[in-house]
Amino acid sequence: MTEQCPCGSAIAFAECCKPLIDGERAAETAEALMRSRYTAHATKAFDYIFETTHPDSREEDDRKGTAAWSKRLDWQSLQIRNVDRGGVDDDQGTVEFVARYRKNGKAFDHHEVAEFVREDGRWYFKDGQAPQVAQVVRKGPKIGRNDPCSCGSGKKYKKCCGK
């Protein structure tokens with residue numbers, strides 16, 4: 001039976017991320033690099049994570065810290081939420097993703113918008129930010145606790161649907 005790639009692509013590991021992690025080929029897109037970096041965390045291939053970080057963004061302390069942090073985690077799944085550029089003809093791109101993991105039996109979600117750049121034909125992770133939180137705007141009037149309930153029961157909101 002063929003082992004599925006941890007990145008969630010539904011492709012065999014040997015055909016998906018393993019050749020990238022082993023240096024047999026380079027990622028063609030920012031998304032492919034993102035998937036392979038997640039897989040490197042899941043398979044504990046920490047040198048690959050360091051090597052695919054842009055030279056301006058990497059420090060030896062980060063290498064050790066990232067490895068120590070990731071070793072304690074049980075990586076569960078990767079969900080790609082959005083990809084903006086980062087294709088074979090681009091030099092920049094972003095990938096919004098959620099990486100799920102467990103630490104000490106507790107589940108966590110790491111939600112990030114990762115920036116990637118391509119230099120000399122190779123994609124690199126440049127930086128990551130938390131996604132912008134969309135502000136919720138109420139479309140209708142606010143119902144007060146003592147206003148009549150909007151369901152038409154004739155009761156006050158606090159005694160009906162606001163309970």
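Contact here means heavy atoms within 4.5 Å. This is a predicted model, in which local features need pLDDT of at least 70 and side-chain atom pairs count only at pLDDT 80 or more, while totals for chains, interfaces and linings use all residues. Residues are numbered from 1 along each chain as its sequence is written, and side-chain values use heavy atoms, with hydrogens and water left out. The chain comprises four helices and four strands, both taken as DSSP runs numbered from the N terminus (helices: H or I, at least four residues; strands: E, at least two).

**Overall architecture**

- Read from the N terminus, the order of elements is α-α-α-α-β-β-β-β.
- The radius of gyration of the chain is 22 Å, whereas a compact globule of 163 residues would have one near 15 Å; the value is taken over C-alpha atoms, and the globule rule is 2.2 Å times the number of residues to the power 0.38.
- The C-alpha trace spans about 70 × 35 × 35 Å along its principal axes.
- Among contacts with a separation of 6 or more, 42% are accounted for by residues 24 or more positions apart.

**Surface, burial and charge**

- Of the 163 residues, 32% count as buried (buried is under 20% relative accessible area, exposed over 50%, partly exposed in between; 1.4 Å probe, protein chains only).
- The accessible surface of the chain is about 10,600 Å², and carbon and sulfur atoms hold 45% of that area; the areas come from the Shrake-Rupley method with a 1.4 Å probe.
- There are 28 positive and 26 negative side chains, and the centres of the two sets lie 17 Å apart. Lys and Arg count as positive and Asp and Glu as negative, with His and the chain ends not counted; each charge is placed at NZ of Lys, CZ of Arg, CG of Asp or CD of Glu.

**Aromatic pairs**

- The structure holds six aromatic pairs (rings of Phe, Tyr and Trp, the last by its six-membered ring, with centres within 6.5 Å; planes under 30 degrees apart are stacked, over 60 edge-to-face, the rest tilted).
- Tyrosine 38 and tryptophan 75 form an edge-to-face pair, with 5.8 Å between centres and 85° between planes. This pair links distant parts of the chain, since tyrosine 38 belongs to helix H2 (residues 30-42) and tryptophan 75 to strand S1 (residues 74-85), 37 residues apart. Both tyrosine 38 and tryptophan 75 are buried.
- Phenylalanine 116 and phenylalanine 125 also pair edge-to-face, at 5.9 Å centre to centre and 70° between the planes. Phenylalanine 116 is buried because its relative accessible area is 1%, and phenylalanine 125 counts as buried at 16%.
- Tyr38, Trp69, Trp75, Tyr101 and Phe108 are linked into a cluster by ring pairs.

**Selected buried residues in the helices**

- Histidine 41 lies in helix H2 and is buried, with a relative accessible area of 12%. Beyond residues up to four places away in sequence, histidine 41 touches Ile49, Thr66, Trp69, Ser70 and Trp75.
- Phenylalanine 50 sits in helix H3 (residues 46-51) and counts as buried at 15% relative accessibility. With neighbours within four places in sequence set aside, phenylalanine 50 is in contact with Arg58, Glu59, Glu60 and Arg63.
- Leucine 20, in helix H1 (residues 18-21), counts as buried at 6% relative accessibility. Not counting residues up to four places away in sequence, leucine 20 touches Arg25, Ala26, Ala27, Ala32, Ser36 and Tyr48. Leucine 20 and glycine 105 are 85 residues apart in sequence and 30 Å apart in space, C-alpha to C-alpha.
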